[in-house]
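User: Hi! I'd like to walk through this structure with you. Could you start with the terms you'll be using?
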Amino acid sequence: MEKEKEMIREVALLFRKEKENILANWLHIIQKNRVLNPQELAICQDGLRKLLEDFIVYLAAGDIAGYLAGNAKIARQIAINDIPYAKFIEMFHFFEDSYSNVLNENIPADNLLAYMSAIDHLHHKTISIVSEEYFKIKDSTVFAMAKLAELKDQETAYHLERTREYSVALAKSLNLDHDFLKSIFQVGPLHDIGKIGIKDKILLKPGKLTPAEYEEMKKHTTIGAEAILSIIGEQKVSRGYLLMAVEIAGSHHEKFDGSGYPLGLKGEDIPLSARIFALADAYDAIVSKRPYKKALTHEEAVKRIREGSGTHFDPEIVGKFLQISDQFQAIYNHYTNHEQKTSGQR
Ligand SMILES: [Fe+2]
Ligand SMILES: [Fe+2]
């Protein structure tokens with residue numbers, strides 16, 4: 001470990017010597033590839049210069065933690081400036097090429113491999129930290145979008161927070177992997193994002209919808225799924241969780257027996273994420289007060305969901321729900337208490 005640190009310190013000094021060459025090399029690669037528009041280019045150039053300067057200052061002092069924190073800061077700026085992830089990571093690979101060149105020219109061949117691996121190790125650590133930071137910003141943007149959509153709607157406060165937690169509890173009880181749990185937590189809140197595209201006169205209508213209005217309302221599923229698909233297209237990056245967002249937005253009103261909407265999908269043709277979310281969403285709707293209905297008890301919700309097994313809901317998921325329904329109640333109570341505590345504050 002100490003030896004690795006020492007090598008990194010030496011490499012930092014080499015970078016200090018070669019700094020202007022390295023930056024020129026980066027800019028050359030960027031311009032040759034024309035991967036960025038002028039505004040993105042300016043942000044990236046700036047980011048890369050800071051990156052290199054951080055590299056030199058922190059690493060010359062052997063301060064790996066400081067170096068990683070500096071990179072995390074740059075990643076946050078890049079995410080806030082809306083540079084797509086693929087382009088952002090491309091920058092890091094240019095960086096990798098450049099340090100390989102510097103090492104090749106300056107380190108004797110018999111030591112080269114050890115230096116390369118020390119730097120490579122650090123590079124991977126950096127990539128994982130900057131990616132995490134980048135997506136932390138992106139994910140909070142996703143949640144903010146969902147919250148905005150919710151403002152237009154009549155859902156009760158904390159509906160998004162509760163439904164994402166119920167779905168994680170269900171997914172856990174179904175032994176789904178960490179990636180699945182993380183994704184459903186992130187994208188569940190987007191389920192009704194398509195309601196932005198529904199006219200207020202229908203969305204906010206206090207009474208019962210006419211059949212024609214109900215048909216309009218149903219479109220929030222396809223509007224939402226298509227909006228998220230277009231984001232995936234524009235960003236040219238297929239983050240798995242965005243695909244799950246499409247599934248949930250598009251299919252959270254499908255029913256297990258094929259009687260739901262918009263497509264009337266049946267059984268396992270309904271994506272698993274949407275089958276899980278449908279139950280979470282229904283539970284919350286039953287136990288919450290809405291303008292058109294009063295809040296029912298947890299016991300009533302359990303009864304209705306049990307009755308909907310095989311018709312509305314996937315029976316396997318209902319089975320798991322029945323085993324962990326006390327967790328649902330705890331989540332609901334947690335947010336309801338929170339709501340009571342914070343109401344009255346503005
Ligand atoms: Fe919905
Ligand atoms: Fe909902």
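Analyst: Happy to! A residue is buried if 20 or more other C-beta atoms lie within 10 Å of its own, exposed if 12 or fewer, and partly exposed in between, with C-beta atoms placed from the backbone. Helices (H or I, at least four residues) and strands (E, at least two) are DSSP runs, numbered from the N terminus. This is a predicted model, where local features need pLDDT of at least 70 and side-chain atom pairs count only at pLDDT 80 or more, while totals for chains, interfaces and linings use all residues. Residues are numbered from 1 along each chain as its sequence is written, and chains are lettered from A and ligands numbered from 1 in the order in which they are written.

User: Great. Which residues of α6 are buried?
Analyst: They are H159, L160, R162, T163, R164, E165, Y166, S167, V168, A169, L170 and A171. That is 12 of the 15 residues, so α6 is largely enclosed by the rest of the structure.

User: How do α6 and α7 pack?
Analyst: Their angle is about 160 degrees and their axes are 8 Å apart; axes are lines fitted to C-alpha atoms, for helices over the stretch in contact, and angles run from 0 to 180 degrees between N-to-C directions. The two helices are therefore roughly antiparallel (under 35 degrees is roughly parallel, over 145 roughly antiparallel, 65 to 115 roughly perpendicular and the rest oblique). R164, S167, V168, A171 and K172 of α6 make the contact with F180, L181, I184 and F185 of α7, where contact means C-beta atoms, placed from the backbone, within 7 Å.

User: Switching to the core: how many residues has the largest nonpolar one?
Analyst: It has 44 residues, and those with the most contacts inside it are L170, L190, A245, L279, Y283 and I305. A nonpolar core is a set of buried Ala, Val, Leu, Ile, Met, Phe, Trp, Tyr and Cys residues joined through C-beta atoms within 7 Å. The largest share, 9 residues, comes from α12. There is also a second, separate core of 24 residues, which includes L48, L51, I56 and Y99.

User: What does L279 touch?
Analyst: L170, I305, F313, I317 and F321, leaving out residues up to four places away in sequence.

User: At what angle do α12 and α13 pack?
Analyst: About 140 degrees, with axes 9 Å apart, and the pair is therefore oblique. In α12, L279, A282, Y283, I286 and V287 meet H298, E300, A301, R304 and I305 of α13.

User: One last thing: where is the cis peptide bond?
Analyst: It joins Y261 and P262, with omega about 10 degrees. P262 lies in the loop between α11 and α12.

Key
Two residues are in contact if their C-beta atoms, placed from the backbone, lie within 7 Å.
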